[in-house]
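Here is a short note to read beside the model. Keep the structure open and go through the points in turn.

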Amino acid sequence: RIARCAPIATWLVLCGCADDRRPTFPAGGVVKLPDRSPMPGGWIEFQVSGDATARTSRARIQPDGTFRLGTYEEADGAFQGKHSVMILPPVPPYRNPDRDRRPAADDSRYPKINPRYREFATSGLEYTVTNDAAQNRFEIQLEE
């Protein structure tokens, strides 16, 4: 019986281990505030246009405004195609989130951006990721 089941077991293992991930391509860039200075932190997400079920690519925006997108892992890239983009600004830490909602630090150090950038549908930001990494460096200039 074991000899008859071995081919089936091997087939099941091989099928279960198949990598069904879509390919990703290196992509990143820089986010700039309306005054053209780099956005010092926050998050950016890319979503394939017209496919809200596809996995989003995201990255933490670094203090110098740069980012490198990751889909399955950190900085592994984004899917090829046109993407809608949303940006979340950095938020100041709070003294005690359970009792005190006042920022712990001077919140003027934390940029405020137009709320429209916080959603894919309203940001107005669209970028195309290609299979050529050299073309996937995006300079994102935010407006008031």
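1. Two strands pair if DSSP finds at least two bridges between them. The model is predicted. In it, strand S2 (residues 43–48) and strand S5 (residues 81–88) run antiparallel and are joined by six bridges. Within this pairing, Glu 45 stands opposite Met 86 in S5.

2. Now the sheet. Four strands form an open sheet in the order S3-S2-S5-S8, with antiparallel pairing. Strand S3 (57–60) and strand S8 are at the edges. Each has a single partner strand, so one side of each has no neighbour in the sheet. From one strand to the next, the twist averages 30°.

3. Next, the rings. How many aromatic pairs does a search of the whole structure find? The search finds five. One of them joins Tyr 72 and Phe 79. Their ring centres are 6.1 Å apart and their planes are at 70°; planes over 60 degrees apart count as edge-to-face, so this pair is edge-to-face.

4. Are these two residues buried or exposed? Tyr 72 is partly exposed, with a relative accessible area of 22%. Phe 79 is buried, at 3%. The charged end of Arg 22 sits over the ring of Phe 79, 4.0 Å from the ring centre.

5. Tyr 127 and Phe 138 form a tilted aromatic pair. The centres are 5.3 Å apart, with 50° between the planes. Tyr 127 lies in strand S8 (residues 125–129) and Phe 138 in strand S9 (residues 137–141), eleven residues apart. Both residues are buried. Together with Phe 46 and Phe 67, they form one aromatic cluster.

How values were computed: Residues numbered from 1 in each chain as written. Predicted model: local features only at pLDDT ≥ 70, side-chain atom pairs only at ≥ 80, totals over all residues. Heavy atoms only, no water. Phe/Tyr/Trp six-rings, centres within 6.5 Å; stacked < 30°, edge-to-face > 60°. Buried < 20%, exposed > 50% of the residue type's maximum accessible area, 1.4 Å probe, protein only. Helix = DSSP H or I, 4+ residues; strand = E, 2+ residues; numbered from the N terminus. Lys NZ or Arg CZ within 6 Å of the ring centre and 35° of its normal. Axes fitted to C-alpha atoms, helices over the stretch in contact; angles between N-to-C directions.
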